[in-house]
Amino acid sequence: MNANLMNTTKEHILRGLDANVRLDGRKKEDYRAVSIEYDVSKSAEGSARVRCGQTEVLAGVKMAIEEPYPDTPDKGNLMVNAELSPLSSPEFETGPPSDWGIEVARITDRGIRESHALMPSTLCIESGKAVWSVSVDVVPICDSGNLLDMAGLVSIAALSHAHYPGVKDGNADYGTRTDKKLKLESTPLPVTVWAIGKHFIIDPLPEEEKAADARLTITTTADGTIVALQKGGSMPLKSEQINDMVKLALRVAKDLRHKLH
Amino acid sequence: MIMGYDKRFDGRKQYEMRPMSAKVGVVPRADGSAMFQIGKTTAIAAVYGPRDLHPKFLQNPRGGLLRCHYSMMPFSGHGERVRPGQNRRAKEISRVMEASLRGVVDLNAFPNAVVDVFIELPQTDAGTRCAGICAASMALADAGLDMKDMVAAVSAGFVHDRIVADLTYEEEHYNEFAKGLKEEVHVADIPIACQVSNGEIVLLQMDGKVSAEFLAEALEVGKKACAEIGEVQRKALKERFTGGSL
Amino acid sequence: MSDQLFVKDRDVVVPGETLATGLSYIPGQYMYREGNNIIAAKVGLVSVEGKVLKLVPLASPFIPKVGDVVIGVVEDVMLMGWRFNIGGPNSAVLNVKDATNEFIGRGVDLTQYFGLGDMVFCKIVNVTSQNLIDVTMRGPGLRKLDGGRVMRINPAKVPRVIGKDGTMTKMIMDETKTDIVIGQNGVIWISGSPEGEVKAANAIRKIDENAHMSGLTQAIKRFLEGGE
């Protein structure tokens, strides 16, 4: 049952927003129930699953020992990848990553990198010779909207429960898992505020994402510092609107952060 | 005196399978979906279709096309991260899965259309294509397609001197993991898929070396195991459509 | 070997399951015979009336038939008509002569009647062997659907949402003060107040998820009266 055209019109969605009633009865600033599970993939060094309404996303952390880049001999590597598998939505296609997939990955990556949540210097094993390389792969299972925020949340959840593998002959020994956990200095969480006409909503449904004119992803850490921003969509935003969106994102991030443990 | 493989690494009996679980309807946005887990191998399948098929030259005016897309999540392998993307192994498994399912699904009512089955594995411990087929079969039934039977699959194996049911990664790599071996012994991985009700075989592959007699035994073991898996699949499908939240 | 029945009325069956054995039993749609056995070919609810076996599918893709009413979206405006997306692999075509009761002359801008993205409620008048579909907009109730919201359910559940003689739909419309149009293709259009539409959509979603249960009408009535 595909048919990307078979959607409620934007005008109708706006009519509901005027009355603060969204398609599923939520108010504009209501988030669906979010749950997090850890260690869902025994093959990964760390993993997590988040659920937000019917949206479900997995993330897995893999670690390997590699040579550092020549210009950063003391720093390990971090890579965030988002595979938007067509398993999760009729709108994704097979093949190389789509622009949307790349954007989801880069926004998630930027938040973790810029907040220094994971310090590359802590990943150094032997200067110039061996460093840990950490990969986070985000895989949605069901896309019922709000992949951006969930990708960020599940990545942090997976990283926060990741254990170093054992080491044998200078390589990772994946058969053994140590008690040493990856050290996270902070927990950056992205919250995307979506603008449909003059209304702001959070945690959108797929139809709301399609009807949106603009969006702003605001990634913040626990102390309220903004560590990444990304505006999408072509509608211009006034600075007052942006400030309001930031306030909203800070509030939401606080609630989401309580779910992490 | 050469000791054979008389005690399995995880303590199972010779023809015993690992614990299984299954759930149908795990991807609400899809037309049909299911999860199948055996031991530490978990497969999730989602069905989309019948839907429009592009490019046009693939369309078949006599009936719909069934396409499988098998993929291991990058963090699901036994060692290093697996680079995402359709590598040769994934492509081969996708084709083999299609062949095993095409025989039971009737898509004659959907000329020029396609039914896409996506399979993703979040964690693996051998038997991945088999788990994928088990999940895909349930997902196709969940999508309400005409099927003459369910399909189940299991990896039978020949390890050292006997046939066992449902190989683990360690058993597949017996020569690496067995203690006290003086020289390398024969190991064969034999994935078998059957129509659940009549035991007819729709997928058969083999990696390794095995004699004709042991192969015959493997086929019987595979058929029985598939019938057992069929019960798990049936139960999961029925659970989906009974009970409810009223 | 004597005739034997392996299922009872209202059992859920899966493909490949043997329902009965023996030639005295009469198989219905979505079943097939293999030797003496009658075997299910779809996931569904079995009904047993004496020796007659029936299977009501619990899930199914939409199979277009002449006489089906469907909801579609205009995806192309052509020279002599329009093409609609009705949610499946095949589009439906509306010829200019079947569009309205008035006469539409040659060269008239067809988007005056239906433009890209417009939603319509139409009826299937022809299905070819290649599943090419012709529809008409001439008939009682067939019309353009303005405003309103759209939701989709599995086509197999449509009869439950309609109810006997339309009673289930009418109950939902009355309780939520909405107008509801149901397409056999599983597309449903709801129009009313924002709150009313949400309640109606939730009620329909409940039917979609519990279609196999008995006592459904009472449960939905309780849900609508109780509010959530």
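Two residues are said to be in contact here if their C-beta atoms, placed from the backbone, lie within 7 Å. The structure is a predicted model, in which local features need pLDDT of at least 70 and side-chain atom pairs count only at pLDDT 80 or more, while totals for chains, interfaces and linings use all residues. Residues are numbered from 1 along each chain as its sequence is written, and chains are lettered from A, with ligands numbered from 1, in the order in which they are written.

Under this definition of contact, G163(C) touches M168(C), T169(C) and T217(C), if neighbours within four places in sequence are left aside. G163(C) is placed in the loop between α1 (158–162) and α2 (167–176) of chain C; helices (H or I, at least four residues) and strands (E, at least two) are DSSP runs, numbered from the N terminus. A residue is called buried if 20 or more other C-beta atoms lie within 10 Å of its own, exposed if 12 or fewer do, and partly exposed in between, with C-beta atoms placed from the backbone. G163(C) is partly exposed because 17 other C-beta atoms lie within 10 Å. Between the C-alpha atoms of G163(C) and A219(C), which are 56 residues apart along the chain, the separation is 14 Å.

Chain C is assigned domain 1 (4–57), domain 2 (69–145) and domain 3 (149–226), where the bounds come from an automatic or database domain assignment. The centres of domain 2 and domain 3 of chain C, taken over C-alpha atoms, are separated by 26 Å, and nine residues of domain 2 are in contact with eight residues of domain 3. On the side of domain 2 of chain C that touches domain 3 of chain C, the elements giving two or more residues are β8 (69–77) and β11 (119–127) of chain C, and β8(C) gives the most, with three residues. The residues of this side of domain 2 divide into seven nonpolar, two polar and no charged, with Ala, Val, Leu, Ile, Met, Phe, Trp, Tyr, Cys and Pro counted as nonpolar, Asp, Glu, Lys and Arg as charged, and the others, Gly among them, as polar.

Strands are taken to pair if DSSP finds at least two bridges between them. β8(C) and β11(C) run antiparallel and are joined by five bridges, one of the pairs being V73(C) with its partner M119(C) in β11(C). β8(C) is also joined, by four bridges and again antiparallel, to strand β9 (residues 81–85) of chain C, where V74(C) stands opposite F84(C).

Contacts between chains were considered next. Chain C places 25 residues in contact with 30 residues of chain B, and the side of chain C that touches chain B has 15 nonpolar, eight polar and two charged residues. Between chain B and chain A, the contact takes 27 residues from chain B and 31 residues from chain A. On the chain B side of this contact with chain A, β3 (41–52), β4 (65–72) and β6 (113–123) of chain B each supply at least two residues, and the largest share, five residues, comes from β3(B). By class, the side of chain B that touches chain A comprises 11 nonpolar, eight polar and eight charged residues.

A46(B) lies in strand β3 of chain B and counts as buried because it has 33 C-beta neighbours inside 10 Å.

In chain A, four strands form an open sheet in the order β10-β9-β11-β12, with antiparallel pairing. The edge strands of this sheet, each of which pairs on one side only, are β10 (199–202) and β12 (226–232) of chain A. Strand β9 (residues 189–196) of chain A is joined to β10(A) by four bridges, and I196(A) stands opposite H199(A) in β10(A). Helix α3 (residues 147–160) of chain A has 14 residues and reaches 20 Å from its first C-alpha to its last, close to the 20 Å expected at 1.5 Å a residue, the expected span being 1.5 Å times one less than the number of residues. α3(A) is mostly covered, with 14 of its 14 residues buried.
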